Structures are given as C-alpha cells and as structure tokens.
Amino acid sequence: MTGAISTERVFSLPCFEGLRLFRKYRTSHPDLPLSDLLTLIESVEADAHSLDMEASVYLSELVEKDCPLDGHVFYQTCIKGVLLKHQPIWAKLMRQGRQRFVKKLDRNDQDIFAAAGLMENPTPLHVVTWWDSVSGYARLVTDHEKMEQGRAAELLTLEYERERLKALGIDIEPDWPGFDDNFAGYDVLSYDHGPHGVRNKLIEVKSTTASPLRFIVTRNEWDKAERAGDAYHFHIWDMNQTPPVLIERTVAEVAPHIPTDGGKGKWTNAQVPVLTH
C-alpha cells in the first residue's frame, strides 16, 4: 500500500491512532498478510472503523520502526515524519515561532500539536529541541526553494541576454560566473556596444515574490557595483508574473537606497525597493 495519500489524511489523529493499532498488531502477528491484519484489527478493535487505516499503513513507512507507541513522543514522531515527507506549505510558517505558527493552523491541526505535548507552557527543554529540529528543516526547505528560484532567474537572464546580444549583432555567448563563484559580486557577464568597441556588462540577478517588490543587495555585490559603475546592472525578475517580468536597474538608480556605515558599524545587506519610474 504505497499509493499517494494526501497530507490532510495522513496529518490527522485518526491516522496517527490507526498507526498505533497497526504497529501493535503487526508486532504480535508479524507474518500475517496486510489485508488479513487489517481485517483482524477491524474485527477486534471497536474504534477501528473510525480510524483511517489506509493512511496509517502509509504513515508507517514514514515513522521510525522503533518509535514508542505511548506518550507524546509517538505523536511528535508522527508529526515529524509527515512534515519531512510531505513538506506541507504551512510548515514554512514554523520559522515564525511556535505561537505565531500554531495560530495560523486550523483547529484540527492545532489539536494535533497539543496532543503531542508541543504546546506545553512552561516549555520543557525536549519540546524546545523538537521545535528547533523540525523548524530548522523547514528553514532548509525554504532556503532550497529560494535557491531554485534564484537559479531560475539567472537562467532567464542568460536567455534574455542571448537574444539581446543577437539583436545587437554581438556574436559572444554570455557567461555565468555566479554559478561557479558565489563571491564574484555578479551573476552573469554579458556585453554591450561601447565607444571603443564591445564592453563588459556585469549583471547581478535578483528574483522576488515580495509585495511591494523589493530585493536584497549584499555588501560584496554593492562594492563590485560601485567599482564597475555604468557597466554594472541589476536584473530583478518579478516571479509573481507568468511569465516572470524583468525590471532592470542601474547602479545610479539603486544608490539612493544603499545605507552608509556609521561609527564602527558596517552594513552587510540592504533591502532595496523596486520603485516604478
């Protein structure tokens, strides 16, 4: 039984409780075929018909074989198994903190976290450890998605520049140094016509889904931008649009939004709005 089971079914108390029964009976009847085992459970356990046994069997593949079947640890392990495998959209909200996250869940999901002892107050250390571990994974998933979005934007710029260079009659393939060196200070090397022939065009690519549109400039990127001057450009892709829409900004247009150092303090990242002209 490995067919796809929806997150809504597998992340539910009927599924969790079904797993508890399934593991108990599987231990006492290790050789019984699955269908016969489920029939046995339904014939013996009065509450079995109210449980989601199909989802429970599926969940069993996500939860450690030696998971305790009693206490909060059982629920905590079930929740973690579902989050890691299904990566529901709402899991990203775990980065916002426990209370803020739980308040955004529906009542049924809130009950699951409460049943797992994960809303205890004062908060025991093992609960803190659980939240940090699982929200840390959610953070990695979010970071990975951001990286994928950023790479997609860089590929869009490469394609855009290929077409632009072709239109300009410049027979040079744009380069992608940002893929090989994260500290290059720009992502794509393209070209333009200059007063003395073809000149470099350094492009820092940004992708954004923020509203209002904005992007982050690092200190390293800005140092490179200031040194390159007019040869440096920002490509900001609005990924909310289909297809994504390119907004291009020069160093002079971004400069008013860059902070200055003060005292012994030094800025490292700046948030820049994408204002319409």
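Residues 154–245 have their end C-alpha atoms 13 Å apart, and the span is 32% helix and 35% strand. For this span the unreviewed UniProt entry lists "domain: Protein NO VEIN C-terminal"; such annotations may be inferred rather than shown by experiment. The model is predicted: local features need pLDDT of at least 70, side-chain atom pairs count only at pLDDT 80 or more, and totals for chains, interfaces and linings use all residues. Residues are numbered from 1 along each chain as its sequence is written, and side-chain values use heavy atoms, leaving out hydrogens and water.

**Helix packing**

- Helix 2 (residues 13–28) packs with helix 4 (residues 53–60) at an angle of about 70°, their axes lying 8 Å apart; helices are DSSP runs of H or I, at least four residues, and strands are runs of E, at least two.
- That makes helix 2 roughly perpendicular to helix 4 (65 to 115 degrees).
- Helix 2 contributes Pro14, Cys15, Phe16, Gly18, Leu19, Phe22 and Arg23 to the contact, and helix 4 contributes Met53, Ala55, Ser56, Val57, Leu59 and Ser60 (heavy atoms within 4.5 Å).
- The residues of this contact are nine nonpolar, three polar and one charged; Gly counts as polar, and Cys and Pro are among those counted as nonpolar.

**Aromatic pairs**

- The whole structure holds 15 aromatic pairs (ring centres within 6.5 Å).
- Phenylalanine 11 and phenylalanine 113 have ring centres 5.9 Å apart and planes at 50°, so the pair is tilted (planes under 30 degrees apart count as stacked, over 60 as edge-to-face and the rest as tilted).
- Phenylalanine 11 lies in the loop between helix 1 (7–10) and helix 2, and phenylalanine 113 in helix 7 (residues 107–115), so the pair ties together parts that are 102 residues apart in sequence.

Definitions and conventions: Axes are lines fitted to C-alpha atoms, for helices over the stretch in contact, and angles run from 0 to 180 degrees between N-to-C directions. Angles under 35 degrees count as roughly parallel, over 145 as roughly antiparallel, 65 to 115 as roughly perpendicular and the rest as oblique. Rings of Phe, Tyr and Trp (its six-membered ring) pair if their centres lie within 6.5 Å; planes under 30 degrees apart count as stacked, over 60 as edge-to-face and the rest as tilted.
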